[in-house]
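Subject: Structure handover

Hi there,

Here is the structure I promised to pass on to you. Have a look at it first, and then read on for what came out of the analysis.

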Amino acid sequence: MKKLFTSESVTEGHPDKLCDRISDAIVDEIYRQDNNARCAVECCAAFDRLLIMGEVTSSASVDYEAVARRTIKEIGYNFGTFAYDKCNITVAVHSQSPDIALGVDSSMENKAGGAHEDLLGAGDQGMMFGYACRETEELMPLPIALAHTLARRLQDVRQSGLLPYLRPDGKTQVTVEYEDNKPKRVDTVVISAQHNEKVTQSKLKEDVIKHVVSVIPSALLDGETKYLINPTGRFEIGGPEGDSGLTGRKIIVDTYGGRCAHGGGAFSGKDPTKVDRSAAYMARYVCKNIVAAGLADEVELQVAYAIGVSHPVSVFVNTYGTGKLGDGEIADIVVKEFDLRPYSIIKKFGLRAPVYSQTAAYGHFGKSGLAWERVDKAEDLKKYIK
């Protein structure tokens with residue numbers, strides 16, 4: 001049976017991703033000075049102004065405005081109403097609620113005399129999802145992997161000067177045709193790239209197909225593949241000048257491109273006691289190791305927490321019929337082999353460090369060099385294959 005599935009990505013200059021990057025740059029700056037900080041920093045950008053808001057409890061002394069302006073400059077907004085040296089910045093940051101800190105500083109289990117790993121309670125209730133499959137070398141779904149590759153390529157050809165007329169904002173979208181649940185070909189490529197007023201649309205389309213779309217493996221493209229390049233006809237006004245941006249609004253871009261469920265929690269701007277972020281990283285790690293071990297060809301994991309409680313309240317596995325064992329058996333293996341408590345997750349991945357800016361664009365998963373992308377547990381999990 002044939003079917004189509006589509007995923008999108010955006011460049012680092014997209015207004016939502018701009019806000020994610022500023023939020024994570026602030027978290028990184030805080031962690032350079034204080035690895036016990038608590039923070040949940042969000043940004044809103046629109047036209048000529050930026051609002052930095054949220055909660056921070058830390059001994060660090062951070063110039064939020066300076067971090068924001070530096071980040072905006074690095075992304076490439078040195079023109080227009082949102083230029084790094086012209087935009088208006090308002091900071092509205094306060095300390096974390098003591099009611100939240102009460103449960104995070106000492107979990108329900110720790111108060112009852114639990115182990116040292118029970119010290120931290122989850123920073124909020126909620127459910128987090130992880131996913132892995134065999135469609136790509138990095139065990140990610142092919143549509144989102146290709147969309148990220150195109151978006152990153154848009155950034156590269158702009159920054160290198162290969163296509164100097166491009167500007168920071170951009171979006172990509174890839175539709176993959178599947179046959180019997182296996183990716184067969186790319187059906188449609190959509191790219192919207194911000195540009196200056198000098199380039200013609202015909203020149204831009206020619207260059208983008210030649211220098212950007214060409215990163216898609218040729219075996220996936222054929223004479224029937226459709227290319228929609230700047231389909232509106234013009235994209236000169238972009239970034240916050242063209243549309244407002246908000247931290248945490250690209251949660252599907254950040255994860256698996258819509259392939260699996262999402263608990264609704266965003267990542268950027270949050271310290272790792274917020275399980276929206278840290279437990280989602282752990283869920284990805286668990287799923288990737290399950291697939292790498294051969295326990296399943298595809299797996300989705302849900303982990304749910306209660307605020308102030310260290311251990312998850314539920315663990316659910318779905319292998320979509322590809323598991324070598326039953327889904328319930330694999331869920332039991334997850335509970336036995338992986339420590340899902342916040343303290344242990346933070347320690348395992350070294351999350352009290354300035355590691356977050358690198359995650360703010362082009363997805364939090366599927367990148368090399370991230371601790372939660374390791375498959376160092378896979379060999380040990382193979383013992384469960386009967």
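Strand 6 is mostly covered, with ten of its 14 residues buried. Buried here means under 20% relative accessible area, exposed means over 50%, and partly exposed is in between (1.4 Å probe, protein chains only). Helices (H or I, at least four residues) and strands (E, at least two) are DSSP runs, numbered from the N terminus.

Before going further, a word on the source: this is a predicted model, in which local features need pLDDT of at least 70 and side-chain atom pairs count only at pLDDT 80 or more, while totals for chains, interfaces and linings use all residues. Residues are numbered from 1 along each chain as its sequence is written, and side-chain values use heavy atoms, with hydrogens and water left out.

**Strand 6 and its partners**

Two strands pair if DSSP finds at least two bridges between them. Strand 6 pairs with strand 1 in the antiparallel sense over nine bridges, and V10 stands opposite K171 of strand 6. Strand 6 and strand 7 also run antiparallel, joined by eleven bridges; there, T175 stands opposite T188 in strand 7. Strands 6 and 7 form a hairpin with two residues between them, and D180 in the turn has a positive phi of about 55°.

**Salt bridges**

A salt bridge is a side-chain nitrogen of Lys or Arg within 4 Å of a carboxyl oxygen of Asp or Glu. The whole structure holds 34 salt bridges. One of them joins the side chains of E177 and K2 (3.9 Å, N to O). E177 lies in strand 6 and K2 in strand 1, so this pair ties together parts that are 175 residues apart in sequence. E177 counts as buried at 10% relative accessibility, whereas K2 counts as exposed at 54%. Both residues belong to a network of salt bridges that links K2, E177, R185, D187, D222 and K226.

Another salt bridge brings together the side chains of R21 and E74 (3.0 Å, N to O). This pair links distant parts of the chain, with R21 in helix 1 (residues 15-33) and E74 in helix 2 (residues 64-75), 53 residues apart. R21 counts as buried at 17% relative accessibility, and E74 as partly exposed at 43%.

R134 and D297 form a salt bridge too, with their closest N and O atoms 2.8 Å apart. R134 sits in the loop between strand 5 and helix 5, and D297 in the loop between helix 9 and strand 10 (298-305), 163 residues apart. Both residues are partly exposed, R134 at 42% relative accessibility and D297 at 33%.

**Pockets and cavities**

On a 1 Å grid over the protein atoms alone, a cavity is a set of points where a 1.4 Å probe fits but cannot get out; a pocket is an open set with protein on both sides within 12 Å along at least five of seven lines, and lining residues have an atom within 4 Å of a point. Grid points are joined across faces, edges and corners, and a volume is the space filled by probe spheres set on the points.

The largest pocket has a volume of about 440 Å³. It is lined by 17 residues, of which E135, N181, K182, R259 and E298 are the closest to its centre. Strand 1 (2-10), strand 5 (126-133) and strand 7 (182-195) each give two or more residues to this lining, and strand 1 has the largest share, with three. By class, the lining has seven nonpolar, two polar and eight charged residues. Ala, Val, Leu, Ile, Met, Phe, Trp, Tyr, Cys and Pro count as nonpolar, Asp, Glu, Lys and Arg as charged, and the others, Gly among them, as polar.

The second largest pocket holds about 190 Å³, and its lining includes H148, R152 and Y362.

There are four cavities of 30 Å³ or more. The largest cavity has about 90 Å³ of space, and M128, F129, H262, G263 and A280 lie nearest its centre. The second largest cavity, at about 50 Å³, leads back to strand 6, which gives the largest share of its lining, four residues.

Best wishes
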